[in-house]
Each structure stands twice: as C-alpha cells, then as structure tokens.
Amino acid sequence: MPLSAAEKVEFCYGKELPILRGLDLAVEAGEILAVVGATGSGKSTLLKLLSGLLVPQKGVVWYDGKPVNLAEREERIRLARSRSMTFQLGGLFDSWTCAENVEFPLRELSECSQTERKKRVQRGLAEVGLAGVEKLSVTELSGGMQKRLALARSLVLEPRCLFLDDPTAGLDPVTGRTILDLIASLRKERDMTVVLVTSEIARMLEMVDRVALLTGGKIVESGNPREMNKGTLPLLKAFAEGRSA
C-alpha cells in the first residue's frame, strides 16, 4: 500500500476552472518522487492536497492507509504530525528569530517540554548547517540560509513524509544544488519519503527514484530516470530537454 496517494482528485480555486481533473498518484514509502510540469500546471496545489493543507472537491487523498479528507478532525491532526511541507517562498515568520521559527511546530503539535524543544531546535539547526543562528532574525539570513531554516522547521517533528515545494526557487545554481544535496542526505539518514517540485532538472534526475509529469490536470507519465533516458518515457524526456513531445 502506498504511503500517500491521490485518487480521482479534482480541485479548483473558487469558481475557476479545475486545476486538477481526476488526478491519480501513488507515493511509495521511502522513495523520492519529483513532480514536474509547466508553470501553473498545479504542482504546488497537488503538494498541498497530499500534505493535507487543502481539501479536494472530489476524490480522496490517502495517507498511511487513511482517507485524510474524509477523516475526523482528531485523526487529521494525528496524521499531520508525520507529514511536513516547505513552501516555495519559505513561509517563515520574518518577525521571529530562527529558533522561534523552528520551534513553532513543536509548540503547536507536540507535548515536548520547553527544555526538550530547545534541544531539538538546536539539533535541527545544526543538522542543516545553521548552528549558532538561534537568536538571529529571518531577515538577517541569506536566501540559501532561509531555505535551510525552512527545511529545519519542516524536519523538527521528524516526519515520515516530507513535501518540498521548489526548495531551490530564487537561488543561484550552486546554492540550489547544495540544498538538493542536503535534502538527499537527510532523506537517507532519516529514511523518509520525499515528494518535491523543483526546477533543477539535472540534479533532480540524479537524486530521485521516480519522476511524474503533471499536465492537463493529470499525471500523464511517470517512471524512473533510467527509463526516461532510455526513451521509454517520451513525454518526460521531452519535458526535461525543454521541447514539446
């Protein structure tokens, strides 16, 4: 059974045309899955649905064998503790310190004591290469450091599944690659499942187990990079090479 899945999911914002139209996608436990597609195809929306931040108008979102969007509130909260998401623009609280940002999920979703929260915040910051920044404000950090801070916050509850919405957006190629290398390393250390959207196609193909192409509101093709390079996934290969299929 997949760890996370979307089954016949439809979603639209307000009265707009549907962004996702009967979409099906299964995420296996332990894999790194990259979702790719043109700008505006609904990749970020899909991540928010899988992570439980949005609810589909039709269809079912599954997590750990449970229909998340049909579950009772207490069950949704329980499931939320083992999933986490980083946002394309970071989603950090600019007026808070770095430590306060990372501590936020612990205060909201755990029963840790203040002493334990402090230890976990320090450990989390060190894990992403930000030891010693606890008292700095978010605005004192570079773009790459802010991405690391957002990653530390998303990991502090030790989730089983991590959703990353373009974690390299706005970064130069070198810094972006460093962030993706860090994600790959942390995933291996923690044995997590990772679903990400990224524009760093070359590095992404080196680190993921599978790629899924979202277009027209559906996943139209998916497979591993090796299959793509062999030419058995023509739509994905064309997308990666920047040409129409």
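Tutor: We may begin with strand pairing: two strands pair if DSSP finds at least two bridges between them. The model to which this applies is a predicted one.

Student: What is the strand order of the open sheet of six strands, and which strands are at its edges?

Tutor: The pairing in this sheet is mixed, and the order is β6-β7-β8-β3-β9-β10. A strand at the edge pairs on one side only, and this holds for β6 (83-86) and β10 (218-223). From one strand to the next, the twist averages 20°. The edge strands are thus named as β6 and β10.

Student: Which strands of that sheet does α5 touch, and what angle does its direction make with that of β6?

Tutor: Helix α5 packs on the sheet. The strands it touches are β6 and β7, the latter being residues 161-165. Its direction and that of β6 make an angle of about 170°.

Student: How is α5 oriented relative to α6?

Tutor: Helix α5 (residues 143-155) and helix α6 (residues 173-190) have axes 10 Å apart and pack at an angle of about 20°. Angles under 35 degrees count as roughly parallel. The relation of α5 to α6 is therefore roughly parallel.

Student: How many nonpolar, polar and charged residues make up the contact of α5 with α6?

Tutor: The crossing of α5 past α6 is right-handed. From α5 the contact draws on Gly 144, Lys 147, Arg 148, Leu 151 and Leu 155, and from α6 on residues including Thr 175, Ile 179 and Leu 182. By class, the contact has six nonpolar, three polar and three charged residues.

Student: How many charged residues are in the contact of α3 with α4?

Tutor: In α3, the residues Ala 99, Val 102, Glu 103, Leu 106 and Arg 107 meet Arg 117, Arg 120, Val 121 and Leu 125 of α4. Five residues of this contact are nonpolar and none is polar. The number of charged residues is four.

Student: Why does one side of β2 and of β5 lack a neighbour in the sheet?

Tutor: Four antiparallel strands form an open sheet in the order β2-β1-β4-β5. β2 (20-27) and β5 (66-67) stand at its edges, so one side of each has no neighbour in the sheet. The reason is that each has a single partner strand.

Student: Which residue of β5 is the bridge partner of Trp 62?

Tutor: Strand β4 (residues 58-63) is antiparallel to β5, and two bridges join them. The bridge partner of Trp 62 in β5 is Pro 67.

Student: Is Val 174 buried or exposed?

Tutor: Val 174 lies in helix α6. Its relative accessibility is 62%, and a value over 50% is needed to count as exposed. Val 174 is therefore exposed.

Technical notes
Residues are numbered from 1 along each chain as its sequence is written. This is a predicted model: local features need pLDDT of at least 70, side-chain atom pairs count only at pLDDT 80 or more; totals for chains, interfaces and linings use all residues. Side-chain values use heavy atoms; hydrogens and water are left out. Contact means heavy atoms within 4.5 Å. Ala, Val, Leu, Ile, Met, Phe, Trp, Tyr, Cys and Pro count as nonpolar, Asp, Glu, Lys and Arg as charged, and the others, Gly among them, as polar. Axes are lines fitted to C-alpha atoms, for helices over the stretch in contact, and angles run from 0 to 180 degrees between N-to-C directions. Angles under 35 degrees count as roughly parallel, over 145 as roughly antiparallel, 65 to 115 as roughly perpendicular and the rest as oblique. A crossing is left-handed if the near helix is turned anticlockwise from the far one by less than a right angle, and right-handed if clockwise. Buried means under 20% relative accessible area, exposed over 50%, partly exposed in between (1.4 Å probe, protein chains only).
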